[in-house]
Amino acid sequence: MSERVLEVRNLQTAFPGPAGPIPVVDGVTLHVERGEVLALVGESGCGKSMTAFSLLRLVPKPGRVTRGSVRLDGHDVLALSVPELRAIRGRDAAMIFQEPMTSLNPVQTVGVQVVEAIRLHERVSKAAARSRTVALFERVGIPDPGARFDAYPHQLSGGMKQRVMIAMALSSQPKLLIADEPTTALDVTIQAQILDLLRELQRETGMAILLITHDLAIVNELADRVAVMYAARLVEEGTREAILGDARHPYTRGLLSSMPALARRGEPLTEIPGTVPAPEEWPRGCRFASRCPRAIERCPLEPPGEFALADDHLVRCHVVQQEEAP
Amino acid sequence: MSGPGALLRVEGLRTWFPIRRGMLQHTVGWVRAVDDVSFEVVSGRTLALVGESGCGKTTVGLSILRLVDPQAGRVLFDGDDLAALSDQEMRARRRAIQIVFQDPLGSLDPRMRVRDAIAEGMQSFGIGASESERTDRVAALLERVQLDPRQMWRYPHEFSGGQRQRLCIARALAVEPRLVICDEAVSALDVSIQAQILNLLGELQEDLGLTYLFITHDLSVVRYLADEVAVMYLGQIVEQGGTERIFEAPQHPYTRGLLAAVPSADPQRRSTAVRVLGDVPSPANPPAGCRFHTRCPEAFDRCSEEAPDLFTVEGGRSRCFLSG
């Protein structure tokens with residue numbers, strides 16, 4: 001029996017612009033089941049991080065969520081009072097970021113910061129929180145955890161800081177971990193260690209992960225399901241196998257064929273022509289239409305609806321829909 | 001190891017940076033950024049210098065151009081030892097060697113129009129008889145990198161990240177170099193834009209006969225475009241060879257660990273292999289013996305006591321006793 005830890009419906013987040021609000025997240029609907037890893041993937045500026053921020057009401061001002069609903073473990077996040085919201089941040093959903101240095105306080109030891117995080121949500125003694133922190137450090141693979149408790153962030157490597165962040169996120173046993181580009185700033189051998197760790201922890205604790213990334217190879221390493229985002233909207237959603245092995249949306253296919261890892265030497269990479277248009281220049285219909293090699297007349301005019309290719313494979317594309325259901 | 005057609009040959013390059021302390025700035029130690037590095041790049045081909053942060057790959061590029069000064073070694077470019085030239089002679093040689101960095105915005109003057117940024121180098125090397133001739137050449141270069149020549153009067157901030165990298169490439173090409181050092185030139189770009197720039201670099205190499213020294217941490221890019229690969233770890237080359245051989249039959253345990261760590265995009269396969277454990281030690285205090293032995297899954301007693309040579313192996317070299 002599947003249970004949804006996170007359910008997002010028709011989410012819209014916008015920033016004020018000279019000619020009215022500019023949506024950076026536009027009609028996003030997705031869910032994450034208990035124990036599942038959902039990857040939200042897309043290129044810079046597509047709105048994937050803003051989607052993540054919206055879930056915990058962390059959108060930087062003057063941006064705000066303008067429409068839709070977010071249910072996190074049953075709570076209607078957008079309707080919560082600020083104290084209620086504080087209580088669920090960290091406890092129901094915790095977040096880790098690309099650059100752990102900016103999330104850690106530089107003038108306090110990393111151990112004390114985790115102790116504080118624990119005591120924010122639970123009435124436990126400092127001594128008990130300390131021993132739990134050391135155990136967490138050990139669990140996330142920090143060598144000599146007792147000594148590292150007293151280390152300041154700048155004394156740790158990037159990989160170790162990310163481990164501290166993961167320990168802090170795990171400290172209140174969240175049901176959902178939102179991981180925003182958690183390995184992007186790390187070297188490849190360290191990235192592999194952190195991905196292994198996330199995979200293990202996910203299996204062990206059964207927490208769900210919403211993984212935000214630009215890298216389809218990372219998606220393949222960690223995700224069960226994938227949602228692909230382009231210009232503030234979802235364009236395709238499916239299982240890992242479906243998206244990486246049988247992508248149907250021309251944008252998803254373009255992303256895959258741009259990857260040198262999947263290309264053959266000596267053959268040019270298949271490019272997606274041009275660049276993502278600025279929000280002012282978004283076509284009324286499908287936002288990918290201006291770069292799409294398969295676009296037909298109606299694409300720039302009419303937004304494509306959601307079309308189910310299979311139970312767990314959705315696509316928003318007029319051309320695919322026409323081929324499948326003429 | 002001197003082969004025919006080597007445009008660039010680096011021999012025993014050593015670039016150490018002093019660590020200074022105290023009021024009198026006494027040198028208390030050295031960061032061994034590049035420590036006895038040798039390789040060559042064949043004319044018209046691509047050598048990738050790969051490794052993780054702090055391995056010294058960027059310092060190699062900067063040392064070749066004498067943007068930092070090496071303490072020892074030779075940099076033979078087309079027969080001349082660049083490391084032995086006077087600053088003035090070196091300036092003249094920079095026409096033949098250009099560099100493209102990761103961050104195009106950081107390498108373009110924000111107050112300079114694109115036309116002037118690209119023409120600047122031509123002027124200093126006396127290319128083009130007049131300003132208007134140089135303007136024509138800028139237009140041709142912009143077209144060459146697939147930008148609209150009418151945009152030459154704009155400023156860098158008016159371009160997207162991918163377009164700015166095209167501008168940097170156009171500026172490098174403006175002085176008709178023979179060797180282009182690409183230092184993480186595509187690393188900051190989104191994958192769809194990265195593909196465009198990689199294709200452009202490939203076309204330019206074919207059309208102009210350019211030689212590339214490609215400095216990067218991204219192994220899938222290396223496999224896609226390099227002819228030869230040199231893998232660096234803590235200031236040294238640990239393995240070197242043809243691209244196919246390196247990827248198909250890596251000899252050095254570090255190369256094997258590095259390749260195993262690359263996430264796989266093949267839905268049939270996830271990477272699960274022997275991991276390189278722990279963090280990279282500091283280049284100011286590299287481990288004795290083999291510098292990799294603290295993280296090596298195959299290390300034995302000798303590795304911590306004695307530094308291995310770069311042994312000749314089939315299709316290249318490997319700095320590991322197991323290859324000796």
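Two strands pair if DSSP finds at least two bridges between them. Helices (H or I, at least four residues) and strands (E, at least two) are DSSP runs, numbered from the N terminus. This is a predicted model, in which local features need pLDDT of at least 70, side-chain atom pairs count only at pLDDT 80 or more, and totals for chains, interfaces and linings use all residues. Residues are numbered from 1 along each chain as its sequence is written, and chains are lettered from A and ligands numbered from 1 in the order in which they are written.

Start with the sheet of chain B. Eight strands form an open, mixed sheet in the order S6-S7-S8-S3-S9-S10-S12-S11. S6 (97-100) and S11 (311-313) of chain B are at the edges with a single partner strand each, so one side of each has no neighbour in the sheet.

Now take the pairings. In chain B, S7 (residues 179-183) and S8 (residues 211-216) run parallel, joined by five bridges. Here B:Ile181 lies opposite B:Leu213 of S8(B). S3(B) also pairs with S8(B) in the parallel sense, over five bridges. B:Ala48 has B:Phe214 as its bridge partner in S8(B). Four bridges link S3(B) to the parallel strand S9 (residues 228-233) of chain B, where B:Val231 stands opposite B:Val50.
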